[in-house]
Amino acid sequence: MPRAVTLIRSASLSAVAEYAYAATAPAEARLVFLAGACPLNEDGTTAAIGDYAGQAAKALENLRTALADAGASLQDVINTRVLVASNRREDLVTAWQVVRDAFGAHDVPSTLLGVTVLGYTDQLVELEATAAVLDH
């Protein structure tokens with residue numbers, strides 16, 4: 001199945017980043033804008049309280065579900081934003097590694113942000129994404 005997303009590498013920018021610096025999709029692609037995926041269980045409770053990696057994993061699980069409901073998968077994601085409620089770089093890196101590992105070779109352009117607070121009680125991680133799908 002052909003994919004809409006083309007990842008752009010830049011030889012002029014640092015290779016230390018664990019993601020492509022840009023991505024494109026053709027004009028005929030259907031864009032899917034996802035709400036922030038939160039680490040919520042089906043009953044609305046927050047999963048993995050106090051655990052950055054556990055919350056990142058649950059947010060990814062919920063992101064995959066939302067993508068599937070929209071006819072897409074992680075391989076169709078064109079960019080992400082990872083929000084982590086912490087001022088400690090180590091916590092950001094912990095959440096990021098879970099997300100990075102899930103995407104594997106499809107290392108889309110991403111932004112990792114430390115934020116003061118997120119919307120749900122005990123929430124530490126939120127994952128935003130946009131996808132592009134070819135419906136042929």
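Contact here means heavy atoms within 4.5 Å. The model is predicted, so local features need pLDDT of at least 70 and side-chain atom pairs count only at pLDDT 80 or more, while totals for chains, interfaces and linings use all residues. Residues are numbered from 1 along each chain as its sequence is written, and side-chain values use heavy atoms, with hydrogens and water left out.

**Exercise 1. Describe the fold of the protein chain and state how compact it is.**

Step 1. Helices (H or I, at least four residues) and strands (E, at least two) are DSSP runs, numbered from the N terminus. The protein chain has two helices and six strands. Read from the N terminus, the order is β-β-β-α-β-α-β-β.

Step 2. The radius of gyration, taken over C-alpha atoms, is compared with the globule rule, 2.2 Å times the number of residues to the power 0.38. The protein chain has a value of 15 Å, close to the 14 Å that the rule gives for 136 residues, so it is as compact as a globular protein of that length.

Step 3. Among contacts between residues at least 6 apart in sequence, 75% join residues at least 24 apart.

**Exercise 2. Locate the largest nonpolar core and the elements that supply it.**

Step 1. Buried means under 20% relative accessible area, exposed over 50%, partly exposed in between (1.4 Å probe, protein chains only). A nonpolar core is a set of buried Ala, Val, Leu, Ile, Met, Phe, Trp, Tyr and Cys residues joined through side-chain atoms within 4.5 Å.

Step 2. The largest such core has 34 residues, and Leu63, Leu67, Val99, Phe103 and Leu127 have the most contacts inside it. At least two core residues come from each of strand S3 (30–37), helix H1 (52–69), strand S4 (77–85), helix H2 (89–103) and strand S6 (125–133).

Step 3. Beyond its neighbours within four places in sequence, Val99 touches Leu60, Val82 and Leu127.

**Exercise 3. Examine the surroundings of Glu126.**

Step 1. Glu126 lies in strand S6. Leaving aside neighbours within four places in sequence, Glu126 is in contact with Gly36, Ala37, Cys38, Arg81, Val82, Leu83 and Leu118.

Step 2. A salt bridge is a side-chain nitrogen of Lys or Arg within 4 Å of a carboxyl oxygen of Asp or Glu. Glu126 is buried but has none; the nearest side chain of opposite charge, Arg81, is 9.1 Å away.

Step 3. The side chain of Glu126 does make a polar contact with the side chain of Gln123 (3.0 Å). That term means a pair of N or O atoms within 3.5 Å; within protein, one must be able to donate a hydrogen and the other to accept it, and residues adjacent in sequence count only if both atoms are side-chain atoms.

How values were computed: Lys and Arg count as positive and Asp and Glu as negative; His and the chain ends are not counted.
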